[in-house]
Amino acid sequence: MSEQPSIAPHFRLAMAPVAAREAMIVHGHVRVTVIMDRLLRLEYSPNGSFEDRASQAFWHRKQVVPPFQVAPEGDGLAITTTFLHLVLPAAGLEGTQITLRESGRVWQYGDADEGNLLGTARTLDGVSGRTVLEPGLLSRQGWTVVDDSATLVFNDAGWLEPRLPGHVDLYFFGYEQDYETCLQHFHRICGRTPLIPRYLLGNWWSRYWAYTQSELINLMRDFRAHDIPLSVCIVDMDWHLTDISPENDGWTGYTWNRELFPDPAQFITWLHENGLRTALNLHPARGVWPHEEAYPAFAAAMGTDPTSQQPIPFDLADPRFARPYFELLHHPQEAVGVDFWWIDWQQGHDSSLPGLDPLWWLNHLHYYDMGRDGQKRPFIFSRWGGLGNHRYPIGFSGDTHVDWPSLAFQPYFTATAANVGYSWWSHDIGGHQQGVEEPELFTRWVQFGLFSPILRLHSTKNSFLERRPWLYDPTTYELIKKAMQLRHAFIPYLYTMAWRNEQTGRALLRPLYHDYPHEELAYSFPHQYLFGSELLAAPYTTPADRDTQLSRQTMWLPDGDWYHFFSGAYWRGGRTITLYGDLADIPVLARAGAIIPLGPELGWGGVANPPEMHLHLFAGADGQFDLFEDDGETLAYQDGHYTLTPLELLWWEQEMVAIVGAAAGHTHLLPPQRDYTFYLTGIRDPDILSVQVDGVDRPFAHWYDQVRECLTVMVMGVPVTASCRVVAWHGEGLLARRGRMRETLHRFLRAFRLETNLKATLAEQWDALMADPARLDAFPLTESQRQVLLDLALGDNFGGET
């Protein structure tokens, strides 16, 4: 291409698209590449010329070649790996079949994947409730096929161009139910999900509203005054000029509106000084118009006479447009302090390069342009552009409706995206538009946001949509404040999961079947998900019943022992349970042996590596957790500039030991010492309790919570290069799992809209009612009230042992 010299060097990427020659078998017009022992590439070429350039999704086909055998079979050819047996016909791909050797399942060329577990979707724009998802990489049939034939390929300059016409290019994933390995191999050949900056895991503020500079600063002060921490403040499209002309709708813009923002540099400096990062909204589809400050330079760069005053159409597929697009329109704003861009593309799938979706290309180029200095950790904020976009976090899911069905869909939508490696969806918490505003709905949405990849408040330009928590009733405000403070406290756990995501391909939110693929019930609870390595979550996403005044949720518990993260209630696993909760309750369970490292709950800040740690440990099994920390925003961690702090739980019948090991690595990145608070949940008040730092006894404070069955131990001033060991011992056995049925009954009855004498009678007769639940029919209860009491009497859903 003649334009290639204008392509910026940071778009020329290190890829390994050509597989090892010994991994490729050519049979007539067909080439098979054995990429992994369960991953094959099948190509058909009408002229025998095959495609070795990297495609949009598949960049690293050169892998260690697994063992395989090739042998003639009839007029065709057979290729056998440890897990797959491929039979090629004499000519073409028609009639090709692959047998999964473990199960004996057979794929025939052209078969439909009826068992696909789905992936994600481009956007939730305008959605109320559910939307259709694209296929994913996992299937209950044991195989999936990705048709890569229509995608574009990269040339040597790092630009996309059409591939050879008339070719078929398929990738066969034959992983049975080994979903974890499938996703690991996908990341290996398509690129990792990069580690996101630490500050993105805090709370974001965003609203489509024409704020002035002073209004937005005062709003941030209001959040701080109300003890609600934020880490990101996004400025929607009114940052730039929008009232242009009848011919220009104002959605695209690159020139600050000085009436609203008289001093952009001062504004951004204020945000940074107050611990906030910022992004500007970007709708690039209308191109560059003459009113823009950068227009003369941009027109000259495009070879257009600036005096012509002609708009320059958006055409990112053209390298001549792309270079000034970044260098003249974006880099100057970044020099002022803009931290990242919200790419709000909603204008279709077509570009000047046939087959190129502008969204895909915007995501790719913006990601690599942000990292152009080789030091700043790049990311974007944009809609999903298709397979391979896991390489470009964060995802913006679009403009959903404000309603319960939309909230109810989002846990499933977010977790299922892990089936295409897409880990970092950000939703409009509270909903974006239309619908009915309800304090309960907003609270539940924020609680889901607490246990989702990104917590970002947002709504459209409507004065009756409210996302400032303190303008709700006191109960709603306090619960949302608590959730948003807890979100910042969770950053050490979340950030370690983000690092693991890059290292292993395991997303923060995952469907249950990722870890329990052979359990039928793991496929039956789409609203429930794994939240990191230690937790199960199923937030309430339907309104509380009018008569019980409780929300209802069902969960499946895998084998083992489980504890409510907040209340300490215990359940044995291997069954389903039904949970009922008031507005303060969030169904999040920790497995026995879980270790969840948190920071402090603060009214502001809490993003940096904290000087105090709150370690939640759950009794009944051993556990281990490596806490990852670094500078939080550069690429230095890739060169080993990070620390790992080993956390360990050792469990015996009479003894529980919690250990914080010495931090290893670049410990200058941490505070020199830390205060540790240990929460040992699920144990009795011990007979003996001791604390040692590097083997020397250390003074400590402690107290025991009988209700939560939790021992709290505080140890102050522990050097991060030292180890800290807490030992709790009880001679009659340390485990505490008291029956909680009676207290649960009273909690339910207090919530019921029911005559108080009737409540007292039910409580007095509860033992008899448990023995014969049919006697509940004699009481004037609504159906929902009766169901709650039946679930309690019959289902052992209250937590604790009987």
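This note goes through several local features of a predicted model, point by point.

1. Arg 122 and its surroundings. Arg 122 is found in the loop that runs between β8 (106-108) and β9 (144-147), and because its relative accessibility is 16%, which falls under the 20% cut-off, it counts as buried. Its side chain makes a polar contact of 3.2 Å with the side chain of His 349. When neighbours within four places in sequence are left aside, the residues in contact with Arg 122 include Glu 134, Asp 357 and Arg 383, together with Trp 345, Trp 384 and Trp 425.

2. The largest pocket. The space in the largest pocket comes to about 660 Å³, and 27 residues line it, of which Glu 134, Asp 147, Thr 151, Gly 386 and Leu 387 lie nearest the centre. Strand β9 provides the largest share of this lining, namely four residues. Glu 134, listed here among the residues nearest the centre, is also one of the contacts of Arg 122.

3. An aromatic pair. Across the whole structure, 67 aromatic pairs are found. One of them joins Phe 628 and Tyr 642 in a tilted arrangement, with 5.2 Å from centre to centre and 40 degrees between the planes. The pair links distant parts of the chain, since Phe 628 belongs to strand β31 (residues 623-629) whereas Tyr 642, 14 residues away, is in the loop between β31 and β32 (643-651). Phe 628 counts as buried, at 0% relative accessibility, while Tyr 642 counts as partly exposed, at 25%.

4. Charges over rings. The charged end of Arg 38 sits over the ring of Phe 83, at 4.2 Å from the ring centre. In another such arrangement, the charged end of Arg 500 sits over the ring of Phe 625, at 4.8 Å from the ring centre.

5. Backbone geometry to check by eye. Most residues other than glycine have a negative phi, and most peptide bonds are trans. The bond that joins Pro 393 and Ile 394 is cis, with omega at about 15 degrees, and Ile 394 lies in the loop between β17 (381-382) and β18 (395-396). Asp 227 has a positive phi, near 60 degrees; this residue is placed in the loop between α2 (213-225) and β14 (232-235), and it is partly exposed, with a relative accessible area of 36%. Asp 694, which is not a glycine either, has a positive phi of about 50 degrees and lies in the loop between β36 (688-693) and β37 (696-697).

How values were computed: Residues are numbered from 1 along each chain as its sequence is written. This is a predicted model: local features need pLDDT of at least 70, side-chain atom pairs count only at pLDDT 80 or more; totals for chains, interfaces and linings use all residues. Side-chain values use heavy atoms; hydrogens and water are left out. Helices (H or I, at least four residues) and strands (E, at least two) are DSSP runs, numbered from the N terminus. Buried means under 20% relative accessible area, exposed over 50%, partly exposed in between (1.4 Å probe, protein chains only). A polar contact is a pair of N or O atoms within 3.5 Å; within protein, one must be able to donate a hydrogen and the other to accept it, and residues adjacent in sequence count only if both atoms are side-chain atoms. Contact means heavy atoms within 4.5 Å. Rings of Phe, Tyr and Trp (its six-membered ring) pair if their centres lie within 6.5 Å; planes under 30 degrees apart count as stacked, over 60 as edge-to-face and the rest as tilted. A charge sits over a ring if NZ of Lys or CZ of Arg is within 6 Å of the ring centre and within 35 degrees of the ring normal. On a 1 Å grid over the protein atoms alone, a cavity is a set of points where a 1.4 Å probe fits but cannot get out, and a pocket is an open set with protein on both sides within 12 Å along at least five of seven lines; lining residues have an atom within 4 Å of a point. Grid points are joined across faces, edges and corners, and a volume is the space filled by probe spheres set on the points.
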